[in-house]
Amino acid sequence: MTRTESTVQRLQGQQTFGQSPPRVEDLALLTGRGRFTDDIRFKDTLYAAFCRSSEAHGRIKTLDIGAASQAGGVVAVFTGRDVAGLGLASVNALTPEIYPLPPRALAEDTVCAVGAPIAMVIAARPTQAIDAAERIEAEIDPLPTNLPQRLDGPIRARETWIASVEGHTRHDSAVHAAVSLRQSRLAPVSLEPRTIVADAGSTPGLMTIWLGTQSPHRIRDELAAILGIRRDAVRVIAPDVGGAFGMKASLYPEDIAVAWAAWSLGRCIKWISTRGEEFLSATQGRGHHIDASLTASADGRLLDLDARVRAPLGHWMPFSAVVPTRNAGRIMPGPYRVESVNIEATGHTDHGASVGIYRGAGRPEAALTMELLLDRLATALEMPPAELRLRNLVAPDDMPWRTLTGQLLDSGRYAEALNRAESLLSRQGIDSGSRRLRGSASICYIEPSGTGWETARLKLCDDGTFEATTGSTTQGQGRTTTVGQIVSAQLGISADLIRVCHGNSSAPDTAIGALASRSTPIGGSALDEACSKLKAKAAEKSGRDPVASMDWQEVARNVGPLTVDACYKADGEAWGYGAVGCRIAIDPETGVLEIERLVWIDDAGTIINPVLAKGQLMGGVAQGIGEALLERIIYDEDGQLLTGSLMDYGIPRADDMPPIQIEQLETPSSMNRLGAKGIGEAGTIGAPAAIACAVMDAVRPVGVKHLDMPYTPARVWKAIQDARQSPSGKKPGYGTGTAPADH
């Protein structure tokens, strides 16, 4: 029996894993007693507002701050020259070739995107700061612009994977399929916009920062280095956070500027982003351009995968900037066997908003590419798509499986998931009274959940209660409930005895945070290890058998408070996976698309709380549907943002959600103590690929060869009309069918 198996069985024996107690967070959140960053208030707090660039690229000719400085309530106005001597933030060097472009607090001589901050006003009231910022007069001479939609700007990151199985040679007679994808950039649109409170006035020599962030320890370290002050002079606290999705994982120019101003003035300063500022200057996601081809033998054995991935980076690079670029390359070919790969992924800067990790971060791009290629290849082979997939899926007996891009897939029952999705979807016959185009598809995906380490601290208090501190933060996932379940299972106690702490850079002393679906697999394992260390320490102090059940009240009385720290390093990356089946119908006269049914089989390894797991899946699929049907950031030819509000940028509503049936497999991972895998990003990975394949199944018979997301009515209708009018297009046909491959 492996370590993971024994741990999972022991924990499940406590009857807390696999159960769904009510979320302990909800009472406060639902009764208005949550504590978000904007709820942090101090007497004499000052407020910040920013003057932003109106040009996508230009040289600042003049910047007149005179009127702003004289405005009522204004304490100070700062420009790029005031912060020119600050240090630079870090950019994670994940790719072999990387040229970092870190954020700067305020532009000094040149602006590189519309919305880039060029001056900051500090005033007594927020309205005064905003009014004064509008009085700043900036004259900017335009410069040539690398438009975000073109991806022809400088390469700042590159990684290449070239490998083949032993003895493989390319065959000219192989069946070939190709795809050219142009994905839209997306706005994460968290419910709570970015907000920061930096207090350098309450305690001399200490600055406490409240920030809606996924990684308070990293923010602390980065700000201390940028400002040139001691690390222990900065404390970062993440209170309740209203959504993040990767967008709140990094340090922003505004964060640097506000922290610097607070430290310089010795005051408390608050900045609250508006929704318009979020669209302009918060990090965006997706936007990849991918050109790929896949070949197969006549009997459907996958041979050669070639792909060129171009990923947008925007005008500055956050810490995890190259993660989407790298993931989109390394995750191909997904759960499938191929005999050779030649993949190059490059990240390009442009004069648009910065692009960073957004729920999925390269995983959706890889899955979409592979699944569309497989469907087109199946058509060319005159083979059912499910059969082609099943012939090439990695088998459970071959696990762990090393892909040709070097990824180690730890465990999985891919074929079982796909077969179950196919069975649940059960293609329906065409309604003879309907002229709608119908299509369906079932696809597979994989979801890596991060590597590395995480920390935890566990304390037995003198009254017999416990304090559990995790380095992973929470942004609405129910982390407090999950931590309580893990600790209660390991220690054999009621969760009511556990006080959960998170989101404070002072405890633990170091941590990574909530990134890459790693909080339960790695953060949870750190808690599990801390529990084991606490039991061992209690046994040593009290002379008890460490394997026996503990009377913790007695231990607390006889031994007193006990504290242990754990820093757990995962053995490797845990890979979740699943299969999604989707059936859609399109009205060819209006282009309106309806998702009639979506079925989903997901395997996230050990499930601690099924209700919370389902919530993560449903939230992910909602954002996946948004990407597929609605969402698109648009810049014009001058680099001006055209989708700068929720009037112009569509996000899914309740009536956009189709009937969804979710089932879960549970194959524990061998890569961490809990056997857990990631789950938070699965919906954004699987749903868009399934919808895309179903859409192409519906429109290919009428002559549509390719259609990029989002599948808005106007875009779908135009594609159908263009195909009908094309001399080589097919006459309208209705129902599910096949057509020649898209070469």
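## Ground rules

The model is predicted, so local features need pLDDT of at least 70 and side-chain atom pairs count only at pLDDT 80 or more, while totals for chains, interfaces and linings use all residues. Residues are numbered from 1 along each chain as its sequence is written, and side-chain values use heavy atoms, with hydrogens and water left out.

## Two nonpolar cores

Let's start on the inside. In soluble globular proteins, nonpolar side chains tend to be buried together. Here, a nonpolar core is a set of buried Ala, Val, Leu, Ile, Met, Phe, Trp, Tyr and Cys residues joined through side-chain atoms within 4.5 Å. "Buried" means under 20% relative accessible area, "exposed" means over 50%, and "partly exposed" lies in between (1.4 Å probe, protein chains only).

The largest nonpolar core has 93 residues, and the members touching the most others are Leu294, Leu302, Ile584, Ile586, Ile691 and Tyr711. Its top contributor is helix 16 (residues 682-699), which supplies 13 residues. Helices (H or I, at least four residues) and strands (E, at least two) are DSSP runs, numbered from the N terminus. There is also a second, separate core of 37 residues, with Ala48, Met207, Ile256 and Ala262 among them.

What does Leu302 touch beyond its neighbours within four places in sequence? Its contacts (heavy atoms within 4.5 Å) include Leu294, Tyr336, Val338, Leu374, Leu377 and Leu388.

## Helix 10 and its two partners

Two packed helices are described by the angle between their axes and the distance between the axes. Axes are lines fitted to C-alpha atoms, for helices over the stretch in contact, and angles run from 0 to 180 degrees between N-to-C directions. Angles under 35 degrees count as roughly parallel, over 145 as roughly antiparallel, 65 to 115 as roughly perpendicular and the rest as oblique. As for handedness, a crossing is left-handed if the near helix is turned anticlockwise from the far one by less than a right angle, and right-handed if clockwise.

Take helix 9 (residues 363-381) and helix 10 (residues 385-392): their axes come within 8 Å and cross at roughly 115 degrees. Helix 9 and helix 10 are therefore roughly perpendicular, and their crossing is right-handed. Pro385, Leu388 and Arg389 of helix 10 meet Glu371, Leu374, Asp375, Leu377, Ala378 and Leu381 of helix 9. By class, that contact has six nonpolar, no polar and three charged residues. (Ala, Val, Leu, Ile, Met, Phe, Trp, Tyr, Cys and Pro count as nonpolar, Asp, Glu, Lys and Arg as charged, and the others, Gly among them, as polar.)

The axes of helix 10 and helix 11 (residues 414-425) come within 10 Å and cross at roughly 165 degrees. That makes helix 10 roughly antiparallel to helix 11, with a left-handed crossing. Ala386, Arg389 and Leu390 of helix 10 make this contact with Ala415, Leu418, Asn419 and Glu422 of helix 11. Sorted by class, the residues are four nonpolar, one polar and two charged.

Most residues other than glycine have a negative phi, and most peptide bonds are trans. Which bonds here are cis? One joins Met332 and Pro333, with omega about 10 degrees, and Pro333 is in the loop between helix 8 and strand 18. Another runs from Ala507 to Pro508, with omega near -10 degrees.

Asp44 isn't a glycine, yet its phi is positive, about 65 degrees. Asp44 is exposed, at 53% relative accessible area. Val189, also not a glycine, has a positive phi of about 50 degrees, and is partly exposed at 21%.

Arg156 is in strand 8 and is partly exposed, with a relative accessible area of 23%. Arg156 and Leu313 are 157 residues apart along the chain, but their C-alpha atoms are separated by 8.2 Å. Leaving out residues up to four places away in sequence, Arg156 touches Leu313, Glu97 and Tyr99, among others.
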